[in-house]
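Subject: Structure handover

Hello,

Here is the structure for you to take over. Please open it alongside this message; my notes follow below.

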Amino acid sequence: MTLTLTDHPDMFAKAGRSKQKIAPRARQDQTRGRILLTISAFLLVYGVIAGRLVMLGTSDPAAAAARGSAASAIATARPDIVDRNGEILATDIKTASLFAEPNKIVDPDEATELITSVLPDLDAGQLRKKLSTQAGFVWIKREITPTQQAQIHDLGIPGVGFLTENKRFYPGGPAAAHIVGLVNVDNQGIAGIERAIDERGLGDLHQAGFAMKASGQEPVRLSIDLRVQHILRDELVGAMQKYQALAAMGVIVNAKTGEVVALASLPDFNPNDPVDANKPDRLNRLTAGSYELGSVFKSFTFAMALESGKVKMTDSFDARAPLHIGRFTIHDSHSLGRVLSVPEIFQYSSNIGTARMALTLGATLQQQYLKQFGLATKLKTDLPEVAMPQLPKRWSDVTTMTVAFGHGIAITPMQAAMGDVALVNGGHLLSPTFFPRTQEQAFADSTIMVSKKTSDEMRWLFRFNAVNGSGRHADVPGYVIGGKTGTAEKIVNGRYVNGHYLNSFLASFPMDDPQYVLLVSVDDPKPEKPNLPALAAWNAAFVAGNVIRRSAALLGVQPRSENESHPDAMLVSY
């Protein structure tokens with residue numbers, strides 16, 4: 001039998017009416033359930049939010065801040081800093097820090113007594129006050145020793161614990177303190193290359209939550225040679241002792257690339273225990289101090305005069321008598337009482353001859369060249385600690401003459417070194433860098449300070465002075481050293497003080513193809529022996545010679561015998 005819709009039409013009609021009666025009730029039940037579920041979810045979410053607000057409102061704001069600080073300190077890591085040969089200058093190590101949860105401490109008085117028995121340097125009153133709050137987290141002391149950690153752990157104080165943090169460690173201690181710099185307790189760079197790294201993006205990465213592990217960060221390679229750095233610092237330490245000096249400083253720069261190979265400023269500090277780092281006498285004198293450098297500055301006056309074309313190497317100037325201008329008198333320390341040739345003015349460091357050359361140049365050109373030589377503006381370098389040069393406020397004829405021999409103008413020693421780099425490398429003024437750089441990269445970013453002709457003439461004068469003048473004590477056989485001494489009277493309370501000097505020697509080697517420039521300064525040296533003078537030729541020049549003798553071979557400059565070449569062949573040119 002075949003059943004069709006038309007055979008029993010009511011069967012389907014009844015079924016349809018029954019379904020119409022049940023469906024509304026089910027939908028009502030479903031809707032009611034969904035509403036109850038939504039209300040429950042909202043109540044749960046708002047309950048959580050309300051509870052959190054109540055907790056934050058009743059908690060100590062300082063504790064909240066401390067929690068944030070602790071989290072970032074623990075997470076922050078820094079890349080290793082290495083020298084040009086891969087020797088580690090700075091690295092991260094793990095250390096324990098002590099914290100407390102005051103709201104879990106039963107007896108703050110007892111806890112304070114126990115903790116200070118192991119850490120007696122803590123202020124007991126402040127610690128007791130800190131532990132008596134209901135804060136959830138407070139630091140007690142960062143970076144404690146393993147022994148202290150073990151002793152406190154054995155005390156079993158409830159609510160006291162340890163967190164493992166990153167701590168910066170400098171294997172060489174003070175060896176390169178003014179280059180590498182240091183970090184604060186949160187492992188953030190606050191001086192030197194450490195600070196420069198943060199300013200170049202590491203600090204932003206840390207704030208954004210990146211670069212948290214040291215293992216994922218490439219080492220930062222510097223241009224420093226740690227072997228040469230040790231030699232330079234060692235010679236400066238010896239000079240301070242030998243000459244009973246207040247301070248000493250030195251820098252070695254690659255004359256082709258502007259890379260700083262070594263830099264030391266004494267007294268320095270130990271970045272592993274930087275309690276002395278902020279003392280005024282611990283600044284980096286090479287870049288953060290500005291000084292009148294005396295006759296070292298004559299190098300620049302000669303270069304200006306020769307570059308201008310107003311003075312030639314074959315010219316002569318009258319140095320028979322002191323110069324009198326107004327109430328000022330300019331005289332020579334060792335007057336020869338005769339007319340001097342340009343090379344002789346350099347050789348005998350004649351103030352009178354140099355002043356007359358500056359007058360020939362004129363004040364306007366002198367100021368233009370000071371800007372062109374980078375001596376009138378702030379030095380651009382990787383280190384954050386850089387001082388402004390101090391220029392005369394008024395520029396009279398007296399100013400022109402005194403600036404010519406390094407009085408009345410104060411620059412950073414690093415500026416003098418970089419000016420000398422340009423004087424011997426063909427005239428390319430480079431910015432000093434503490435990171436590896438090729439000659440091509442350096443010259444691409446350089447400006448022309450003087451012509452190659454002037455650079456050649458200055459190399460001749462430097463070598464001439466090392467053979468026949470005040471630089472004789474710095475000459476090391478085989479290395480063809482050239483340079484200029486400077487004995488500058490120190491200024492105390494605005495007045496020059498006779499008998500107290502900042503002595504310097506600005507050297508290059510080898511002078512027939514200069515590879516490196518070295519500047520050494522000794523602050524307020526005393527005579528080595530009672531009958532010897534305390535001038536630069538008798539201390540700074542000796543120190544410079546010792547540095548070159550010990551470090552030149554490490555820098556790839558091999559000594560030459562007289563049979564290999566005639567190193568002073570260049571001296572027959574004039």
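This is a predicted model: local features need pLDDT of at least 70, side-chain atom pairs count only at pLDDT 80 or more; totals for chains, interfaces and linings use all residues.

**Overall**

The protein chain has 18 helices and 18 strands. It holds 574 residues, and 49% of them are buried.

**Helix H12**

H12 covers residues 351–361. Eight of its eleven residues are buried, so the helix is largely enclosed by the rest of the structure. The N-terminal end is capped by Ser350. There, a side-chain oxygen of Ser350 lies 3.4 Å from the backbone nitrogen of Ile352.

**Helices H10 and H15**

This is a helix pair to look at. H10 spans residues 298–308 and H15 spans residues 413–424. Their axes are 10 Å apart, and the packing angle is about 40°. The two helices are therefore oblique to each other. Their crossing is left-handed. H10 contributes Ser299, Phe300 and Ala303 to the contact. H15 contributes Ala416, Gly419, Asp420 and Leu423. By class, the contact has four nonpolar residues, two polar and one charged. As background, an α-helix has 3.6 residues a turn, so residues three or four places apart point the same way.

**Thr287**

Is Thr287 buried or exposed? Thr287 is buried, because its relative accessible area is 0%, and the cut-off for buried is under 20%. Thr287 sits in helix H9, residues 285–288. Its side chain makes a polar contact of 3.2 Å with the side chain of Asn284. Now leave aside the neighbours within four places in sequence. Thr287 is then in contact with Leu383, Glu385, Val386 and Ala387, as well as Thr412 and Met414.

**Cis peptide bonds**

Please check two of the peptide bonds. The bond from Leu266 to Pro267 is cis, with omega near 0°. Pro267 lies in the loop between strand S9 (260–266) and H9. Phe509 and Pro510 are also joined by a cis peptide bond, and here omega is about -20°. Pro510 belongs to the loop between strand S17 (495–509) and strand S18 (516–523).

**Positive phi outside glycine**

Gln244 has a positive phi, near 50°, and is not a glycine. Gln244 is in the loop between helix H8 (226–242) and strand S8 (247–254). With a relative accessible area of 54%, Gln244 is exposed.

Val480 is another residue other than glycine with a positive phi, near 50°. Its place is the loop between helix H17 (452–468) and strand S16 (482–492). Is Val480 buried or exposed? At 3% relative accessibility, Val480 counts as buried. Gln244, by contrast, is exposed.

Over to you.

Best wishes

Technical notes: Residues are numbered from 1 along each chain as its sequence is written. Side-chain values use heavy atoms; hydrogens and water are left out. Axes are lines fitted to C-alpha atoms, for helices over the stretch in contact, and angles run from 0 to 180 degrees between N-to-C directions. Helices (H or I, at least four residues) and strands (E, at least two) are DSSP runs, numbered from the N terminus. Angles under 35 degrees count as roughly parallel, over 145 as roughly antiparallel, 65 to 115 as roughly perpendicular and the rest as oblique. A crossing is left-handed if the near helix is turned anticlockwise from the far one by less than a right angle, and right-handed if clockwise. Contact means heavy atoms within 4.5 Å. Ala, Val, Leu, Ile, Met, Phe, Trp, Tyr, Cys and Pro count as nonpolar, Asp, Glu, Lys and Arg as charged, and the others, Gly among them, as polar. Buried means under 20% relative accessible area, exposed over 50%, partly exposed in between (1.4 Å probe, protein chains only). A polar contact is a pair of N or O atoms within 3.5 Å; within protein, one must be able to donate a hydrogen and the other to accept it, and residues adjacent in sequence count only if both atoms are side-chain atoms.
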